[in-house]
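Reader: I am new to this structure and would like to understand the words used to describe it. Could you take me through them, setting each value against its definition?

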Amino acid sequence: MSVSTSMKLKNLCNLLAEKPNCDILRIYLSRHDTSLLRHAILVTIHRRWSANPPYRLTEMGITTYDRLEVNQGQPIMPGPHAQNLLRHVWSLHLIIRPYAHLESTASGLDPFHFGTTIFVSEEGALDLLHQIWHQPMDDQRPSNGFRPIIYMSFGDNDRVGKARKAAFDFDPTNFTTTIAVLDAQIIPQQTKITRRADATFEYLLQQFKISVFHVENAGNAAMYATIIAFLSALRFDLYASLENKVGKPGRKGHSSSKAARSVIQALMEWPTPAPPFGGTVYCWRCGSDAHNFVECPNTDLVCSRCEGAIHQWRKENAGTHMEGLCVFR
Ligand SMILES: [Zn+2]
Ligand SMILES: [Zn+2]
């Protein structure tokens, strides 16, 4: 029976700190392991903030991957383009209710392609993150401690989150359960998919011949970051062969049987369970839980405070909410 203690978590953290991000992910995903690492959960977070001050968290994408759920933690063949692993990534998208209208357009917000969008309060979002970072090793025995968490983000998304601590106070590095912090933008640089440390989602996914849809949606961004990290870290396992010794991505090696595009399409069509909390319907114009913004019958509602504001972007945004839901007090 495995027990997790803060000392064991600290030791694991120190051990991993010596390794590059790409190696940590590859070890976690594919190496036989009997240590506490086998119990770790990989969590990718992508935050999106309003474009204008005062900056508010408007959306958050979260993906989780639980190694123990895949063949009881024993390594498996990743399959073409890591489909056998990516299928186990659980993806969700949170919209922070009070701030949803800040990024709204006439057609609403960009759609989420990999699961369910839920509307939550800021407290609800923080509570969920807290729960993700404190998962018991054994539900029946709380004294066995918490499962380790490998936290991943993309590029400066985490840094911006730290800087906006006052608006949304969440920093995973503060939790003792965090045993490693990975950057999905650095992993492809480490495995020589690109030379750059700042390559975009579009550029990186293009290297794997994957089309990008609505990356502005934080839920899609979290999933794309996870896909980039998996495919980059497992590059040689997925693509290398005698004819392709450098492991160039494409329909090569173990991934020759199908196109990456069809693997991603299957992930989009794969039924993803909705999280057991938060509402899936919310209108940020009138505050109703009975319809979504695009179906709102109250199209004449306008926030007079924003309508009379000096800033042009506030004037343009006035029709997306009524005065009672305005964040400018
Ligand atoms: Zn409405
Ligand atoms: Zn307003």
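Author: Let us begin with burial, since several answers rest on it: a residue is called buried if 20 or more other C-beta atoms lie within 10 Å of its own, exposed if 12 or fewer, and partly exposed in between. Please keep in mind throughout that this is a predicted model.

Reader: What makes Gln-72 count as exposed?

Author: Gln-72 has 8 C-beta neighbours inside 10 Å, and exposed is the word for 12 or fewer, so Gln-72 counts as exposed. Its place is in the loop between strand S2 and helix H3, residues 83-86.

Reader: What is said about the phi of Gln-72?

Author: Phi of Gln-72 is near 50 degrees, which is a positive value in a residue other than glycine. The value deserves a remark because most residues other than glycine have a negative phi. Lys-209 likewise has a positive phi, near 60 degrees, and lies in the loop between helix H7, residues 201-207, and helix H8.

Reader: Why is Lys-209 described as partly exposed?

Author: Lys-209 has 14 other C-beta atoms within 10 Å, and a residue is partly exposed when its count falls between the exposed limit of 12 or fewer and the buried limit of 20 or more, so Lys-209 is partly exposed.

Reader: How do you know that Pro-75 counts as partly exposed, and which residues is Pro-75 in contact with?

Author: The count for Pro-75 is 13 C-beta neighbours inside 10 Å, so Pro-75 counts as partly exposed. Pro-75 lies in the loop between S2 and H3, and, leaving aside its neighbours within four places in sequence, Pro-75 is in contact with Ser-30, Arg-31 and His-32. Glu-59, by comparison, is 16 residues from Pro-75 in sequence, and their C-alpha atoms are 34 Å apart in space.

Reader: What makes Asp-158 buried, and what makes Glu-123 exposed?

Author: Asp-158, in helix H5, residues 157-163, has 20 other C-beta atoms within 10 Å and is therefore buried, since the definition asks for 20 or more. Glu-123, in helix H4, residues 122-133, has 8 other C-beta atoms within 10 Å and is therefore exposed.

Reader: Why is Thr-178 called partly exposed, and where is Thr-178 placed?

Author: Thr-178 has 18 other C-beta atoms within 10 Å, so Thr-178 is partly exposed, given that a buried residue needs 20 or more. The place of Thr-178 is in strand S6, residues 178-183, and, leaving aside neighbours within four places in sequence, Thr-178 is in contact with Ile-149, Tyr-151, Pro-172 and Thr-173. Ile-41 is 137 residues away along the chain, and its C-alpha atom is separated from that of Thr-178 by 9.7 Å.

Reader: Why are H2 and H8 called roughly perpendicular?

Author: Two packed helices are described by the angle between their axes and the distance between the axes. The axes of H2, residues 21-30, and H8 come within 9 Å and cross at roughly 85 degrees; angles of 65 to 115 degrees count as roughly perpendicular, and H2 and H8 are therefore roughly perpendicular to each other.

Reader: Which residues of H2 and H8 meet?

Author: Cys-22, Leu-25, Arg-26 and Leu-29 in H2 meet Ala-229, Phe-230, Ser-232 and Ala-233 in H8. The residues of this contact divide into six nonpolar, one polar and one charged.

Reader: How do you know that H2 is mostly covered?

Author: Seven of the ten residues of H2 are buried, namely Asn-21, Cys-22, Ile-24, Leu-25, Arg-26, Tyr-28 and Leu-29.

Reader: Which residues touch the most other members of the largest nonpolar core?

Author: That core has 78 residues, and Ile-150, Ala-229 and Phe-230 touch the most other members. Helix H8, residues 218-233, gives the most to this core, with twelve residues. Phe-230, leaving aside its neighbours within four places in sequence, is in contact with Leu-29, Ala-82, Leu-85 and Leu-86.

Reader: What kind of peptide bond joins Pro-53 and Pro-54?

Author: A cis peptide bond joins Pro-53 and Pro-54, with omega about 0 degrees. Pro-54 is found in the loop between strand S1, residues 41-49, and strand S2, residues 57-66.

Key. Residues numbered from 1 in each chain as written. Chains lettered and ligands numbered in written order. Predicted model: local features only at pLDDT ≥ 70, side-chain atom pairs only at ≥ 80, totals over all residues. Core = buried A, V, L, I, M, F, W, Y, C linked by C-beta atoms within 7 Å. Helix = DSSP H or I, 4+ residues; strand = E, 2+ residues; numbered from the N terminus. Contact = placed C-beta atoms within 7 Å. Axes fitted to C-alpha atoms, helices over the stretch in contact; angles between N-to-C directions. Parallel < 35°, antiparallel > 145°, perpendicular 65-115°, else oblique. Nonpolar A, V, L, I, M, F, W, Y, C, P; charged D, E, K, R; others polar.
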